[in-house]
Amino acid sequence: MTTPTPQPGIMEIALYQGGQSHLAGVRDVLKLSSNENPAGPPPAAIAALQDAATRMHLYPSTDHAPLRAAIGEVWGVDPDRVICGVGSDEVLQFVTQAFAGPGDEIIHTEHGFSMYPILTHMCGATPVRVPERERMVDVDAILDAVTERTRVVFLTNPGNPTGTRIPDADIVRLADGLPTSVILVIDGAYTEYSDGSDGGLSLAETRDNVLMTRTFSKIYGLGGLRVGWGYGARAMIDVMTRIRQPFNLSLPALAAAEAAVRDVAWRDRCATVNAEQRARLTGALRQLGLACDESHANFVLARAASVDEADAAEAALNADGIIVRRVVGYGFPTGIRITVGDAAQTGRVIAALTRWREEAVA
Ligand SMILES: *Cc1c(COP(=O)(O)O)cnc(C)c1O
């Protein structure tokens, strides 16, 4: 008897593991496992969403023109070269689906986002994992891995879960070294937290094979609404638009995202608070004997000396109602990724870990 057969690659997909959000028996849970904005959604976006509620019997715009115009104004980009998706995850899916298939290769880096191999298998292509150097993307290793089958290269800058970033000059070198038929995707989910980097915007503006992606899920506080965008050459955006469903973004989501992107002052305030608390958390972790690199994002990756020590640190945080993210699947068995919270939340993390160290000595 024959049974329905899935397309090539689909059964290779390991299901995405999201951040935990509950702790048994704990009420005052502090979720620092998914890099969400501690300030919540911007008030302007809440108001726009409430206003949109009375219009949700209407189909949304298919071309997202008002949102793309707002993105164009705020970021100084051509709205005709912007494509919006259900989270930036969907924009990443447009690229893989439109430009790669069985027999093709898609490159991601050792500690790169777990969605990259998932999206690669979804289109039947083969993921190629390239080593990083001391938790930093290695441009030469990526260039060495390129073959005539390579279609897409995924780069996260700043990286998740490392928080490290490579200089814009190195990204230019990567773009220069790639064949012009290979698409370089610069995933800028954390760009707004990364002072002094344009997140690949100028490259996406000037190269026909560079796509920059951004999200409303992190600094804009709209993870639950699912909106992201990509920016690249018109020809590439045109190809991707053909496989985008006409009503992929809901009317309330479009309204809230437009209000959020226009609230530049709110975004800048969030970035400032994050930078302060990130420096404070990094300093405290190091003092407590947990190694961490300088982060350019809204989380810090703490590295314990052993798996046992990481387990104990996580248990101590959990006991205090704090949920963090273990990143074993990203190549860090001793790593704990902690989202940077506000001042009070950061204080709570530091206090829990300080008590844990003190109890170990006593
Ligand atoms: C959070 C994150 C995203 C954003 O995903 P959305 O689909 O926009 O919510 C993209 N890339 C990386 C590396 C991330 O960490």
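**Figure 1. Buried residues of helix α2 in the predicted model.** Helix α2 spans residues 65–75 of a structure that is a predicted model. Within this helix, the buried residues are Leu67, Arg68, Ala70, Ile71, Gly72 and Trp75. The cover over these buried residues includes strands β2 (82–85), β7 (210–215) and β8 (228–231). Helices α7 (201–206), α9 (251–262) and α10 (264–287) are also among the elements that cover them.

**Figure 2. The shell of residues around the ligand.**

Figure 3. In Thr215, an N or O atom of the side chain lies 2.5 Å from an oxygen atom of the ligand. For Ser88, a backbone N or O atom is 2.6 Å from an oxygen atom of the ligand. The side chain of Asn160 places an N or O atom 2.8 Å from an oxygen atom of the ligand. Taken alone, the ligand exposes 390 Å², and the protein buries 94% of that area.

**Figure 4. Cys123 and Cys270.** Cys123 has a relative accessibility of 13% and therefore counts as buried, the cut-off for this class being under 20% relative accessible area. Cys270 is likewise buried, because its relative accessible area is 11%. A search of the whole structure returns 0 disulfides.

**Figure 5. Gly331 in the loop between β11 and β12.** Gly331 is located in the loop that links strand β11 (325–327) to strand β12 (332–339). With a relative accessible area of 36%, Gly331 is partly exposed, since this class lies between the limits of under 20% for buried and over 50% for exposed. Gly331 and Ala175 are 156 residues apart along the chain, and their C-alpha atoms are separated by 26 Å.

Note on methods:
Residues are numbered from 1 along each chain as its sequence is written. This is a predicted model: local features need pLDDT of at least 70, side-chain atom pairs count only at pLDDT 80 or more; totals for chains, interfaces and linings use all residues. Side-chain values use heavy atoms; hydrogens and water are left out. Buried means under 20% relative accessible area, exposed over 50%, partly exposed in between (1.4 Å probe, protein chains only). Helices (H or I, at least four residues) and strands (E, at least two) are DSSP runs, numbered from the N terminus. Contact means heavy atoms within 4.5 Å. A polar contact is a pair of N or O atoms within 3.5 Å; within protein, one must be able to donate a hydrogen and the other to accept it, and residues adjacent in sequence count only if both atoms are side-chain atoms. Accessible areas come from the Shrake-Rupley method with a 1.4 Å probe; for residues, only the protein chains shown count as cover. A disulfide is a pair of cysteine sulfur atoms within 2.5 Å.
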